[in-house]
Amino acid sequence: MVGVRKFNYLRIMFLTWLWTCFNRFNAMYMWGIALGENSVFCGKAIFFKAENSQISIGNNCIFVSDANSKNLIGINRPCIINTQKPGAIITIGDNSGFSGTVLGATVKIVIGKDVKCGANTTIIDSDWHPEDSRSGIPKPIFIEDNVWLGANVVVLKGVTIGVNTVIGANSIVTKSMPANVIAAGNPCVVIKSIKNG
């Protein structure tokens, strides 16, 4: 049993190194993404950067896209990081982690430092069907430092989530959330405050 565990650990470490090399090359040289130092990729991430848009990723970030990774909560897709229109911006701060997360910007998504995005989270700043008359205007999203998004959380356009806030699993965030709270639900509402420190 110990031998199997050690083999699996070594396999995951080797594949993580391999995918990190591949994704760094793909992000930086194929898509022109500003990628900080020591970011790690487990599995193949998907990038798309529209012409004259910007994607920048800080230092020490982790992107888990492999369903067979050490994250066993159930990742059902790769990380997808994409800008869809000229002028769109995605900025990710240092030490942030993503597991099967989709970031889709037509205007702006700003993610702070030390943000945790649980399995299969989605962050999109538009309705993604601009040709449909029912679609609203895209609006920027700001996720401040030390926010934790639980598994399957969806953050929609125009939302700001304050520093140190936790969003419970399966929540749909349609309105801004203050700092230092636990919030959950569909639509997401504040449940209680967190004492900071």
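Where does proline 187 lie? Select this residue and you will find proline 187 in the loop between β19 and β20, where the strands, like the helices below, are DSSP runs numbered from the N terminus (helices are H or I with at least four residues, strands are E with at least two). The peptide bond that joins asparagine 186 and proline 187 is cis, with omega at about 0 degrees.

Before going further, note that this is a predicted model, in which local features need pLDDT of at least 70 and side-chain atom pairs count only at pLDDT 80 or more, while totals for chains, interfaces and linings use all residues. Residues are numbered from 1 along each chain as its sequence is written, and side-chain values use heavy atoms, with hydrogens and water left out.

Colour the whole sheet next: eight strands make an open sheet in the order β2-β5-β8-β11-β14-β17-β19-β20, and the pairing is mixed. Its edge strands are β2 (40-42) and β20 (188-193), each of which pairs on one side only. Strands of a sheet pair through backbone hydrogen bonds, either parallel or antiparallel.

**The six-stranded sheet**

Move to the open sheet of six strands, ordered β3-β6-β9-β12-β15-β18, in which the pairing is parallel. Because β3 (46-49) and β18 stand at the edges with a single partner strand each, one side of each is left without a neighbour in the sheet. Inside the sheet, select β6 (residues 80-83) and β9 (residues 102-105), which pair in the parallel sense over four bridges; threonine 83 has alanine 105 in β9 as its bridge partner.

Then pick threonine 122, which belongs to strand β12 (residues 122-124). Is threonine 122 buried or exposed? Threonine 122 counts as buried because its relative accessibility is 15%, where buried means under 20% relative accessible area, exposed over 50% and partly exposed in between (1.4 Å probe, protein chains only). Leaving aside neighbours within four places in sequence, threonine 122 is in contact (heavy atoms within 4.5 Å) with Arg77, Val102, Val153, Val154 and Val155.

Follow the chain into the loop between β12 and β13 (141-143), where tryptophan 128 is found. Tryptophan 128 has a positive phi of about 70 degrees although it is not a glycine, and with a relative accessible area of 30% this residue is partly exposed. Asparagine 170, in the loop between β17 and β18 (172-173), is another non-glycine residue with a positive phi, here about 65 degrees.

Which residue forms a salt bridge with aspartate 127? Select lysine 157: the closest N and O atoms of this pair are 2.9 Å apart, a salt bridge being a side-chain nitrogen of Lys or Arg within 4 Å of a carboxyl oxygen of Asp or Glu. Since aspartate 127 lies in the loop between β12 and β13 and lysine 157 in the loop between β15 (154-155) and β16 (160-161), the pair ties together parts that are 30 residues apart in sequence.

A search of the whole structure finds two salt bridges; in another pair to select, arginine 134 meets aspartate 132, at 2.7 Å from N to O. Arginine 134 is exposed at 73% relative accessibility, whereas aspartate 132 is partly exposed at 24%.

Finish at leucine 10, which lies in helix α1 (residues 2-30) and is partly exposed at 49% relative accessibility. Together, Tyr9, Leu10 and Met13 make a nonpolar surface patch of about 320 Å². Such patches are made of residues with over 30% relative accessible area and no salt bridge, like charges being joined within 9 Å and nonpolar side chains (Val, Leu, Ile, Met, Phe, Trp, Tyr) within 5 Å, and accessible areas come from the Shrake-Rupley method with a 1.4 Å probe, only the protein chains shown counting as cover for residues.

Last, select residues 12-32, where an unreviewed UniProt entry places the feature "transmembrane region"; UniProt positions are given in the numbering used here, feature names are shortened, and annotations may be inferred rather than shown by experiment. In the model this span is 90% helix and 0% strand, with its end C-alpha atoms 28 Å apart.

Definitions and conventions
Pairing = 2+ DSSP bridges.
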